[in-house]
Amino acid sequence: MELKFLGCGDSFCFALGNNAAFFFEGDHLFFLDMGQSIFAKALDRGLIQKAKQVTVFITHCHMDHIGSLGEAITYFSVFHPEIPFEIIFPDKAYLEARLGDLYPLEKTPIRETLQGDFGDFTYRFVPARHIPNSYSLFLKDPKTHLYYSGDNAMLNEEAKKRLFDGTMDALYQDVGRATNPYHFGFPDLVLAIPENLRGKVIVMHVPSASLLEEAKSLGFGAPDLL
């Protein structure tokens with residue numbers, strides 16, 4: 001499993017685009033969130049054309065994480081119903097309350113579950129500190145074990161422990177300029193992660209390109225942008 005990104009900025013870092021990752025398992029395309037312009041980028045870069053099945057994991061319902069989900073729902077339900085398309089989010093009613101009056105959700109499966117699998121690939125949602133119904137994700141296949149914070153004002157203790165004991169291949173963490181009720185601050189991340197492990201910690205959902213460059217200068221990883 002190899003995560004690539006269509007954007008790695010926060011909701012106001014327009015130059016880097018909304019934070020959203022994707023990966024393929026065979027011809028099955030998976031997205032981690034789908035903020036504003038993300039679906040258009042996926043079409044423009046030919047990702048949708050390569051897929052025979054599409055699944056979108058949603059971490060929470062801020063618009064920089066679901067802003068183009070409605071377009072994806074319409075695209076597959078109206079123009080390509082032959083391509084299986086589904087959404088995975090632990091609270092179906094909560095998501096439907098935000099999209100159901102606007103888009104044809106009755107044609108779109110929403111898998112309401114905290115954990116599951118697609119063959120050898122498994123996923124597990126854990127609560128995140130952000131807004132109500134916010135989650136982070138653990139993703140695992142036979143070769144790779146990843147943690148993806150979504151938006152989380154805390155550093156997940158399990159992910160940190162696994163990073164420290166060598167059982168976590170990569171930890172993707174959203175950061176703000178300082179820790180606040182919605183995001184974990186980059187200065188606190190610097191204090192939490194020793195230099196020898198920073199290469200496995202990928203800083204994402206950044207407020208500026210300059211913070212991303214500062215993180216790289218201190219040894220942290222950066223998202224692989226497509």
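This is a predicted model: local features need pLDDT of at least 70, side-chain atom pairs count only at pLDDT 80 or more; totals for chains, interfaces and linings use all residues.
**Phenylalanines face to face across two strands**

F23 stands opposite F30 in strand β3. Residues are numbered from 1 along each chain as its sequence is written, and side-chain values use heavy atoms, with hydrogens and water left out. Let's start with the strands, then look at the rings.

**Strands around β3**

- Strands here are DSSP runs of E with at least two residues, helices are runs of H or I with at least four, and both are numbered from the N terminus.
- β2 and β3 pair in the antiparallel sense over five bridges; to count as paired, two strands need at least two bridges found by DSSP.
- Look for V54 in β4: it is the bridge partner of L29.
- Is β3 mostly covered or mostly open? It is mostly covered, as five of its five residues are buried (buried is under 20% relative accessible area, exposed is over 50%, and partly exposed is in between, using a 1.4 Å probe and protein chains only).
- In a regular strand, side chains alternate between the two faces of the sheet.
- In β3, H28, F30 and L32 point one way while L29 and F31 point the other way, and all are buried.

**Aromatic rings**

- A pair of aromatic rings is described by the distance of the centres and the angle of the planes.
- Rings of Phe, Tyr and Trp (its six-membered ring) pair if their centres lie within 6.5 Å; planes under 30 degrees apart are stacked, over 60 are edge-to-face, and the rest are tilted.
- How many aromatic pairs does a search of the whole structure find? It finds 24.
- Take F23 and F121: their ring centres are 5.3 Å apart and their planes sit at 70°, so this pair is edge-to-face.
- F23 lies in β2 (residues 20-25) and F121 in strand β8 (residues 121-127), so the pair ties together parts that are 98 residues apart in sequence.
- F23 counts as buried at 1% relative accessibility, and F121 does at 2%.
- F30 and F118 are edge-to-face too, because their planes are at 75°, with ring centres 5.1 Å apart.
- This pair also links distant parts of the chain, with F30 in β3 (residues 28-32) and F118 in strand β7 (residues 115-118), 88 residues apart.
- F30 is buried, with a relative accessible area of 1%.
- One aromatic cluster takes in F23, F30, F57, F89, F118, F121, Y123, F125 and Y135.

**Charges over rings**

- R98 lies over the face of Y94, at 3.5 Å from the ring centre (the rule asks for NZ of Lys or CZ of Arg within 6 Å of the ring centre and within 35 degrees of the ring normal).
- R124 does likewise over F138, at 4.5 Å from the ring centre.

**Cysteines**

- What does the count of disulfides come to? It comes to zero, a disulfide being a pair of cysteine sulfur atoms within 2.5 Å.
- C8 is in no disulfide, and the nearest cysteine sulfur, that of C13, is 7.0 Å away.
- C8 counts as buried at 1% relative accessibility, and C61 does at 10%.
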